[in-house]
Every structure is written in structure tokens, then in C-alpha cells.
Amino acid sequence: MSARPGKVFFVRFVWAVAAFVLATVMIGAGIAQRTIFQGPKTETTAISVEEQTPYLLIDGAVLNQMPGTQTLRAQTEGDIFASYGRTADMEAWLSDSTYTHVSLDDEGGLATTVVEPEVDATADPAVDAPSDDAAAGDAAGDATGGEDAAETTGRTPVGSDLWLDEYQQTDLLIAPLQLPEGMSVLVAADGTAPAPSKVTVSWPLQTSTPWAGPLIVAGGILMAVGVFLYILGIRHARRKRGPRRKGLPLPVTEPIDIAIDHDDDKGVISSSKPTRRAVSSGGGRRAFAVLPVVAVSALLFSGCSADAWPQLGSSPTPSPTATVIAPDGQQAPAVTKAQAERILTRIAATVADADAAMDGDLADTRLEGAALAARDTNYKLRGAIGDYPAPAPILAKPLEIILPQAYDDWPRSVIAVADDEESKTSSIMVLTQQDQWSAYKLSYVGSLEASTSLPDLAPAYIGAPQVEPDSPFLLLPPNEVAAAYADVVNKGEQSEYYDLFEADGDQLRASIAADRQRRLEEFNKTASSTGTLEFSSAAGVEAPFALQTVESGAIVAVNINEIDTVKPTNADAVIKVNDNRTVKTLAGVDQSQTGFATTFSDQVFFYVPGPGSNEKIRLLGYSSDILDAKIL
């Protein structure tokens with residue numbers, strides 16, 4: 001029986017050692033999978049360029065050689081620029097420049113080709129020549145419109161409205177990308193200096209180690225089991241040892257440290273300290289034995305990412321969503337929503353600077369058409385009348401709705417709706433880019449009615465085709481809407497077009513009628529016997545613009561002029577405008593024997609349904625500004 005305790009201890013010790021060894025192997029194997037056996041995490045392709053050119057165009061096929069995200073790295077001294085966008089747009093922007101094109105050859109290798117400018121002898125220079133750079137004030141050294149395409153050099157790519165996004169860094173540029181087919185990347189310095197020659201594209205590799213986590217965790221658990229078995233073996237061995245000499249019971253009144261039994265010739269010395277030391281020593285060993293468990297636990301929770309575990313669960317099934325499919329043959333949308341927000345932000349900033357400086361030339365870089373004409377008049381009035389109000393700012397964010405034109409060529413346009421959270425108002429706008437080198441310009445802008453309900457529109461990633469001005473597939477062709485509405489304003493229910501327009505909710509018509517009545521009453525108080533005041537409306541000089549809606553209707557933007565004409569009825573009478581500083585400033589005189597004509601410009605947005613619809617033409621939004629005043 002005396003050998004039994006040793007045997008139990010031996011068995012438990014053997015199992016503990018085996019657990020330690022197996023745990024070490026499992027933990028080591030798990031760590032090895034995450035370190036020395038893991039392999040490279042990225043695959044890198046270097047792009048070598050033999051002939052230096054100002055631009056380097058990397059085709060989307062090069063970026064998509066391998067799956068996953070792409071990381072572009074370009075290195076050179078000084079500023080480095082990179083942008084991405086649709087390949088067709090990039091090639092159109094580079095069509096008048098020499099550049100290096102990187103693509104894949106038939107064998108899947110990289111092929112670099114120097115592309116020379118396209119020169120079309122039959123092209124109209126006034127149409128095909130590049131205009132100023134997209135970002136006003138950002139493009140130093142832009143090519144002028146009169147230069148031949150082959151002679152155009154030094155155009156900076158920075159700030160072009162054509163890019164979906166762009167990056168700028170110094171000496172080393174690192175751009176994380178995730179571009180689909182049909183996209184390309186443009187790399188340059190400043191458009192004049194050679195493009196960076198040290199360019200690489202890298203992709204992440206699939207380096208998941210699904211059994212690393214389970215091996216490390218299982219090894220840690222097994223090591224804890226080994227520690228537990230070892231402690232049990234030590235404890236069992238101590239308890240089953242043979243009889244040991246014990247001290248006699250100590251009287252309560254004896255000293256704590258040492259007690260001497262005077263009844264025994266040899267006096268037995270005993271102390272409670274050894275017992276306490278034994279307990280303390282045992283606890284110290286247990287604390288020491290727990291240290292490997294703590295170390296393993298720290299190891300378990302360090303560096304074990306999701307790819308260190310097997311994916312046993314099934315992938316989630318996406319819930320079905322409504323899908324809008326583009327019609328066959330429809331072209332790509334002009335911009336993305338993020339691109340439109342960036343463009344509109346640039347427009348708003350430039351126009352705000354122009355408003356502050358009353359600089360019509362600066363406004364001309366981002367405005368055109370009716371929107372620019374209204375700003376020019378405002379600047380003239382503010383320069384002469386100190387307290388004349390500034391125009392309302394251009395709203396940029398948040399951009400609630402965007403309807404880009406689905407068109408691959410130029411000019412291309414966008415209809416956008418932006419909200420102003422402070423004033424609780426919304427603006428609807430038309431932005432147009434005349435060619436691939438031009439900046440987008442705002443041509444129409446109006447305030448949406450508070451209760452306006454917009455028609456169903458195609459999503460931004462599909463876009464909508466432009467409706468031709470003379471299209472017969474609407475209740476009225478876009479080029480007839482302005483004149484028809486002006487006739488309704490002039491004649492009311494007597495107009496032949498009255499039944500085509502929705503009267504309920506038409507605040508523009510109501511405000512025009514109220515303003516005309518008020519002004520006529522004021523005029524008649526003092527000048528009814530010597531003059532006349534007449535009102536009329538007519539289509540403005542700006543061309544209409546229309547984009548198709550989902551239900552075969554269209555959002556149509558038009559320009560309408562309101563003309564107020566005051567004439568004397570007496571040959572000896574004189575029309576004076578001393579109290580009207582606006583007319584006096586614009587006309588340049590304060591009185592006239594022939595009278596004055598004052599013109600207000602309205603930018604108006606309508607929803608025009610298709611010919612088979614039961615709906616009427618509905619006003620969506622508008623803005624009204626004084627345009628001109630002159631002597632008759």
C-alpha cells in the first residue's frame with residue numbers, strides 16, 4: 001500500500017507532461033500558421049515607363065488583374081496627382097495631349113504605349129478647342145481655346161469636374177482604390193513635368209488561416225488541464241506521505257513562538273510557523289503554476305483576427321430590393337452623386353466669392369445663361385446702391401436628389417436638388433458641362449415650393465436621357481412651355497393653354513397677379529391721367545432644358561421674362577423714376593418723355609407629363625430677379 005501514492009502521483013504527472021507537450025505543439029502550430037507559414041499578404045506589379053510623358057493612364061484591366069482592392073503607389077520628387085474616372089472620359093480629356101497608356105497585352109502582361117494627340121482637320125476649332133480648366137483659379141497655365149489640339153500642353157489635371165475622385169500628395173502618393181471594369185487611373189505631376197516613373201499597383205492576397213485560432217485556443221485549454229493535473233498530483237503525494245513526527249498539543253497559555261514540554265526529559269520544540277510557511281509555499285507554487293495560463297490567455301487574444309477562424313456559418317442572404325434596370329442602349333450617367341456634391345460645392349464656393357467681390361468675371365467661371373444674367377444685374381445694382389440686397393447663396397449640401405443626364409458625349413447636364421436645413425428651403429438647379437475640359441456651370445436655379453411633390457425619377461446610377469426641345473412625346477414640347485405659360489399669365493382663363501397648367505399650388509402665377517395689382521393701384525393714385533402702366537410676359541432668350549422622368553414625363557427648365565412698360569399719355573408729360581433707384585440705376589436716367597420698360601427674368605421648373613397622362617403641367621419651383629431697365 002505504501003507504493004500507491006507514488007503510483008498515483010506518477011500517473012498524474014505523466015498526464016500533465018503529456019498535456020504540456022501536446023499544448024505546446026498545438027499553440028506552436030497555430031502561431032506558425034499566423035507567422036512563418038502564412039506567406040505574403042500582397043501581390044505587387046511594378047509599372048515601368050521607358051518614355052516620359054506628362055500623363056500616365058493606367059487602364060482598368062491592369063487594376064483588375066487580381067480580385068480585391070487596389071493600392072496605387074507613385075513616387076517622384078515634388079507634387080504627385082492621381083485621379084480616377086470612366087475610361088472613356090479619361091481618354092476624351094487626354095485626346096489633345098501626349099500620354100502613356102498602360103494596358104494588358106494578349107498574354108496578360110503589361111503593355112505601355114505612347115499615345116499622340118488626336119488631330120481632326122475637319123473639326124471646328126471653336127467647338128473642339130479645350131476651354132479653361134474645371135476649377136476656376138486652380139488651373140495655372142490652362143490651354144487657351146484658340147490653340148490647335150496638337151499644341152496644347154501644360155494643362156493641369158487638378159480640380160477637373162470630370163474625375164470621380166482625385167488625390168494629391170508630395171514625393172510619395174498612396175491611393176487606396178476599388179475600381180470596377182471600365183474605370184481608369186490618371187497619374188501626373190502638374191501636367192507639364194513628366195509623370196512619375198515609379199508606379200506600382202498591389203492587391204491583398206487571401207491569407208486566411210482558419211485553424212490557427214482553434215489550435216491556439218485548444219492548446220491553451222490543454223495547458224490549463226496539464227497545470228491542474230500537476231497540482232493535483234503534488235497535492236495528493238503530500239497528503240499520502242508516511243507518518244511524520246508531530247509536536248504535542250500546546251497549552252493555550254504557552255508562548256506563540258516556542259513551547260517546551262517540561263514533563264518530557266528531551267523537551268519537544270514546536271512552532272506554528274512551519275505550518276504557515278507550508279501553506280504559503282503551496283500557494284506560491286499554485287501562483288507560479290497559473291503564470292503559464294495567464295501568458296497563454298494573453299497570447300490567445302492577441303493577433304487572432306476573423307480570418308484565423310473557420311467560417312462555419314452560412315453567408316447571410318441579402319433581402320430583395322427594388323431594382324431599376326436601364327433601358328437597352330441607354331448611355332452612362334454624366335456624374336455620380338458624390339461627384340455632383342463635389343461639383344456643386346465648388347460652384348457654391350466660387351459664386352460666394354464672386355458675390356462678395358461683385359466680380360462678374362469670376363461668376364462667369366461657374367454660372368451661365370439666366371443664372372449668370374441675374375447675377376450680373378445684381379452686381380451692377382449693388383455697386384450703385386449701397387443697401388441693395390445680395391443674391392441668395394447657391395445651396396450645395398445636403399444634396400437630396402440628383403438626376404444626371406445619361407449621355408457619353410458633350411454637352412452633358414445634371415438636375416440637382418439641395419436642401420438648406422437652416423432656412424428650411426430647397427433649391428432645384430441645372431448644371432451643364434460644355435466639353436470634357438470645361439467646368440460644370442449652373443444655368444438654372446429656382447426655389448422649390450414647400451408642398452412640391454417631385455415626380456418619380458430614375459436613380460442616379462442610371463440617369464435619364466435628355467428630351468429634345470421639339471419632342472412631341474410630352475403634353476407640350478419643351479420649347480413651347482415658356483410661351484404657353486407666359487400666355488396663361490397674360491390672359492388667365494382666356495388663354496388657349498389655361499387647361500394644360502395646374503392652377504392649384506401655382507405660387508408664381510398668384511404672386512405675379514398680386515404684384516401687378518398692387519403696383520397698378522399705386523401708379524393710378526398719381527399718374528393715371530398722364531400715363532399708363534402695362535404688364536406682359538414672354539418666353540426668355542435662354543434655351544429650355546428637359547430630362548425624362550420614370551413615367552415618360554419630363555422636368556423642364558425654362559426662362560420667362562416679365563416686362564413692365566410705363567408710358568406717358570400726354571405729350572407734355574414726363575415719366576420720372578426718382579424714387580425707383582433700381583430703374584434709375586439700370587436705365588442711367590431719372591426721367592423720360594417716352595417711358596421705361598423694366599424686365600424681370602424668371603427661371604421656372606415644370607413637370608410636363610406625357611401626352612396620355614391625366615395630369616396637367618405642374619409648377620415645381622422658380623426664382624425671379626430683375627434683369628434690365630431701359631428707356632423706350
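Methionine 358 sits in the loop between helix H7 (337-357) and helix H8 (360-364). I am working from a predicted model. I looked up the backbone here and found a positive phi of about 50°, although the residue is not a glycine. I then checked accessibility. Methionine 358 comes out at 36%, so it counts as partly exposed.

Entry: I turned to aspartate 171. Its phi is near 70°, again positive in a residue other than glycine. Aspartate 171 is in a strand, E6 (residues 165-177). Its relative accessibility is 40%.

**Entry: a cis peptide bond.** I looked at the bond from tryptophan 410 to proline 411. The bond is cis, with omega near -5°. Where is proline 411? I placed proline 411 in the loop between E9 and strand E10 (412-420).

**Entry: overall counts.** I noted twelve helices and 19 strands in the protein. The protein has 632 residues, and buried ones make up 40% of them. I also looked at contacts between residues at least 6 apart in sequence. Of these, 70% join residues at least 24 apart.

**Entry: the largest nonpolar core.** Which residues touch the most other members of the largest nonpolar core? I found Val335, Leu344, Met429 and Leu442, out of 28 residues in that core. I then asked which elements supply the core. H7, H9, E9, E10, strand E11 (425-433) and strand E12 (441-448) each give at least two residues. H7 gives the most, with seven.

Setting aside residues up to four places away in sequence, valine 335 touches Ala340, Ile343, Ile402, Pro404, Val414, Tyr440 and Ala460.

**Entry: isoleucine 394.** I moved to the loop between helix H9 (369-384) and strand E9 (399-404), where isoleucine 394 lies. Is isoleucine 394 buried or exposed? Its relative accessibility is 11%, and buried means under 20%, so isoleucine 394 is buried. I listed its contacts, leaving out neighbours within four places in sequence. They are Leu344, Ala348, Val351, Arg375, Met429 and Leu442.

Isoleucine 394 and serine 427 are 33 residues apart along the chain, and their C-alpha atoms are separated by 8.2 Å.

**Entry: serine 427.** I followed that pair to its other end. Serine 427 is in strand E11. At 10% relative accessibility, serine 427 counts as buried. Beyond its neighbours within four places in sequence, I found serine 427 in contact with Leu395, Ala416, Val417, Ala418 and Gly446.

**Entry: H7 against H9.** I checked how these two helices pack. Their axes come within 9 Å and cross at roughly 30°. Angles under 35 degrees count as roughly parallel, so H7 is roughly parallel to H9. I listed who makes the contact. H7 brings Val351, Ala354 and Asp355, and H9 brings Arg375, Tyr379 and Arg382. By class I logged three nonpolar, no polar and three charged residues. Val351 and Arg375 were also on my contact list for isoleucine 394.

**Entry: H10 against H11.** Helix H10 (residues 478-491) and helix H11 (residues 507-527) have axes 10 Å apart and pack at an angle of about 40°. H10 and H11 are therefore oblique to each other. Their crossing is right-handed. From H10, I found Tyr485, Val488, Val489 and Asn490 in the contact; from H11, Leu508, Arg509, Ile512 and Arg516. The classes here are five nonpolar, one polar and two charged residues.

**Entry: asparagine 479.** I stayed on helix H10, where asparagine 479 is found. At 41% relative accessibility, asparagine 479 counts as partly exposed. What does asparagine 479 contact, leaving aside its neighbours within four places in sequence? I found Pro469, Asp470 and Pro544. Asparagine 479 and alanine 543 are 64 residues apart along the chain, with 7.5 Å between their C-alpha atoms.

Definitions and conventions. Residues numbered from 1 in each chain as written. Predicted model: local features only at pLDDT ≥ 70, side-chain atom pairs only at ≥ 80, totals over all residues. Heavy atoms only, no water. Helix = DSSP H or I, 4+ residues; strand = E, 2+ residues; numbered from the N terminus. Buried < 20%, exposed > 50% of the residue type's maximum accessible area, 1.4 Å probe, protein only. Contact = heavy atoms within 4.5 Å. Axes fitted to C-alpha atoms, helices over the stretch in contact; angles between N-to-C directions. Parallel < 35°, antiparallel > 145°, perpendicular 65-115°, else oblique. Left-handed = near helix turned anticlockwise from the far one by under 90°. Nonpolar A, V, L, I, M, F, W, Y, C, P; charged D, E, K, R; others polar. Core = buried A, V, L, I, M, F, W, Y, C linked by side-chain atoms within 4.5 Å.
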